[in-house]
Every structure is written in structure tokens, then in C-alpha cells.
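Subject: Handover of a structure and its findings

Dear colleague,

Please find below the structure that I am handing over to you. My findings follow it, grouped by topic.

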Amino acid sequence: MAIVNEETNEIHLKILVLGSQGCGKTTNLQSLYKQTAGDLATRLFDLHGMSARNTFFDFLPLTLGKHQNHDVRAHLYTLPHHSLMPTMNHALLAGSDGAVFIVDSRLSKLPQSEEQFRRLKDLIRMAHKNLHDFPIVIQFNHRDDPQAVPMDALRLAFHLENSPTVESVAVQDIGTVECLDALADMILNQMEVPAGATEG
Ligand SMILES: Nc1nc2c(ncn2[C@@H]2O[C@H](COP(=O)(O)OP(=O)(O)O)[C@@H](O)[C@H]2O)c(=O)[nH]1
Ligand SMILES: [Mg+2]
């Protein structure tokens with residue numbers, strides 16, 4: 001659940017960044033970090049050391065702007081691409097406010113993306129969240145690849161009702177901010193921030 005802190009006038013959003021190995025999860029976080037550098041981004045954490053890029057998960061806290069007089073802070077997490085820790089994945093998802101699901105557009109990566117998409121739907125069911133209510137933005141990354149699957153086919157294979165889609169080339173910072181903005185809008189529009197929040 002998104003947390004509204006009336007004392008500090010902040011809204012905290014917890015956002016998961018999901019997708020198969022190599023789809024661009026870490027690159028998305030790096031791109032957001034770069035583009036919101038300075039007073040906005042705080043730090044990119046790689047919780048499992050510097051060497052292995054994909055060993056565990058990354059964490060990025062960001063400030064997104066204002067919503068109804070509150071500063072909006074987003075905490076982005078990536079999940080490990082493997083499913084060796086279903087309990088942990090479940091706990092992370094259950095406490096999150098929304099997700100970016102990244103599809104790897106490269107033809108050779110299609111099976112992995114499809115597997116992760118199935119896993120996402122299973123996780124949401126396990127967390128007792130209704131797929132229609134849980135805010136998810138689908139990002140089609142690696143659009144610059146010569147072997148990229150045409151968008152028409154990808155839109156059919158990776159479709160969720162109510163989920164906006166964004167095409168991206170994360171490594172060139174294309175589509176990453178747009179994607180996060182779309183998700184934050186979805187989450188914030190579902191939330192009710194108490195009126196008179198400036199009191200005290
Ligand atoms: N050409 C291209 N490379 C990308 C794109 N997104 C990510 N990459 C590269 O793909 C590799 C894997 O990305 P990474 O973010 O580590 O994937 P993760 O396993 O999902 O965290 C890295 O070498 C990235 O630089 C993209 O849109 N286009
Ligand atoms: Mg990674």
C-alpha cells in the first residue's frame with residue numbers, strides 16, 4: 001500500500017521492476033537515476049555487491065514531484081529473474097503499489113519474456129490482488145534491436161486490461177521516464193489522499 005505521511009507531507013510508492021534476465025531492469029533504474037540526478041535521485045543501490053550485475057536486486061529511491069500538495073517519493077525495486085525465492089517475491093509484491101513489466105523485444109528472448117509474464121500473473125494471483133486493479137505498465141524494451149519482434153505481435157502476446165504500454169530503448173534513455181510517469185499516475189489516481197493534509 002502507498003504510504004501517506006502527513007507529518008512530512010510525503011507519499012511513498014513502492015514500485016517493482018520485473019522482467020526476464022537482460023530485458024533492461026537495471027538499465028531502466030540507471031536511466032532514471034541519470035535523468036533525475038541532482039536533488040531528485042538519491043542513490044542507486046546494488047544490494048549484492050558491485051560485481052554480479054544481476055545477482056539479486058537493485059533499489060532506487062526517487063522523488064517524482066507533487067501530488068495534491070504532497071511530495072511523491074518512489075522506491076523502485078527489481079526482482080531477481082529466477083524464481084528460486086518465491087516467498088520473498090510474494091512478500092515484495094504483496095507490499096507493492098504497482099509494477100513495470102519489461103518485455104525484451106528481441107526475438108530470441110521471447111520465450112523468457114513469456115515465462116516471466118506468466119510468473120507475474122501467478123504472483124499477482126498469489127498476492128490476492130485483482131489483475132484489473134493492480135497498476136502495471138508494460139514496457140517494450142530493446143526496440144533498437146534489428147531482430148525486434150514487431151509491436152503488433154508483442155501487443156497481442158503481452159496484454160493486460162487497463163495497462164498502458166511504452167516502447168523503450170533504455171540504454172538510450174528512451175521511454176524510461178515516460179514509463180515511470182505513467183505508472184505513478186495510475187497509482188496516484190487510485191489513491192485517496194486525505195484533504196486538509198497540510199494541517200499540523
Ligand atoms: N541495445 C540495447 N541494449 C540494452 C537496452 N536495454 C538494456 N540494454 C543492455 O542489455 C544488457 C542487459 O541489461 P540489464 O539492465 O542488465 O538487464 P537486467 O538483467 O534486466 O537487469 C546490458 O548490457 C544493457 O546495456 C536497449 O533498449 N537496447
Ligand atoms: Mg539487473
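Two residues are taken to be in contact if their C-beta atoms, placed from the backbone, lie within 7 Å. In that sense, glycine 22 is in contact with Asp104 and Lys109, leaving aside its neighbours within four places in sequence.

The model is a predicted one, in which local features need pLDDT of at least 70 and side-chain atom pairs count only at pLDDT 80 or more, while totals for chains, interfaces and linings use all residues. Residues are numbered from 1 along each chain as its sequence is written, and chains are lettered from A and ligands numbered from 1 in the order in which they are written.

Overall architecture

The protein chain contains five helices and eight strands; helices (H or I, at least four residues) and strands (E, at least two) are DSSP runs, numbered from the N terminus. Along the sequence, their order is β-β-α-β-β-β-α-β-α-β-α-β-α. Of the 200 residues in the protein chain, 36% are buried, a term that requires 20 or more other C-beta atoms within 10 Å of a residue's own; a residue with 12 or fewer is exposed, and one in between is partly exposed, with C-beta atoms placed from the backbone. Among the contacts in the protein chain with a separation of 6 or more, 73% are between residues 24 or more positions apart.

The loop at glycine 22

Glycine 22 belongs to the loop between S2 and H1. Glycine 22 counts as partly exposed, because 17 C-beta neighbours lie inside 10 Å. Histidine 142 is 120 residues away from glycine 22 in sequence, yet their C-alpha atoms are 9.7 Å apart in space.

The surroundings of ligand 1

Which residues are the closest to ligand 1? They are Gly24, Lys25, Thr26, Thr27 and Val171, out of 16 residues that surround the ligand; a residue is near a molecule if its C-beta atom, placed from the backbone, lies within 6 Å of it. Helix H1 (residues 25-35) gives the most to this shell, with three residues. By class, the shell has four nonpolar, nine polar and three charged residues. Here Ala, Val, Leu, Ile, Met, Phe, Trp, Tyr, Cys and Pro count as nonpolar, Asp, Glu, Lys and Arg as charged, and the others, Gly among them, as polar.

The buried residues of H1 are Lys25, Thr27, Asn28, Leu29, Ser31, Leu32 and Tyr33. Their cover includes strand S2 (10-19), strand S4 (58-67), strand S5 (70-78), strand S6 (98-104) and H5.

H1 and H5 pack at an angle of about 90 degrees, and their axes are 9 Å apart. Axes are lines fitted to C-alpha atoms, for helices over the stretch in contact, and angles run from 0 to 180 degrees between N-to-C directions. The two helices, H1 and H5, are therefore roughly perpendicular to each other; angles of 65 to 115 degrees count as such, whereas those under 35 are roughly parallel, those over 145 roughly antiparallel and the rest oblique. H1 contributes Asn28, Ser31, Leu32 and Gln35 to the contact, and H5 contributes Thr176, Val177 and Leu180. Three of the residues in the contact of H1 with H5 are nonpolar, four are polar and none is charged.

The nonpolar core

The largest nonpolar core has 43 residues, and those with the most contacts inside it are Ile15, Leu16, Val17, Leu18, Val100, Phe101 and Leu183. Helix H5 (residues 176-190) supplies the largest share of this core, seven residues. Such a core is a set of buried Ala, Val, Leu, Ile, Met, Phe, Trp, Tyr and Cys residues joined through C-beta atoms within 7 Å.

Leucine 16 is part of strand S2. Leucine 16 is buried because 24 other C-beta atoms lie within 10 Å. Beyond four places in sequence, leucine 16 is in contact with Tyr77, Leu79, Leu92, Leu93, Ser96 and Ala99. The C-alpha atoms of leucine 16 and leucine 76 are separated by 5.7 Å, although the two residues are 60 apart along the chain.

Two asparagines with positive phi

Asparagine 69, in the loop between S4 and S5, has a positive phi of about 75 degrees although it is not a glycine. Asparagine 162 lies in the loop between helix H4 (151-157) and strand S8 (165-167), and its phi is also positive, near 75 degrees. Asparagine 69 counts as exposed, with 12 C-beta neighbours inside 10 Å, and asparagine 162 is exposed, with 11 other C-beta atoms within 10 Å.

With kind regards
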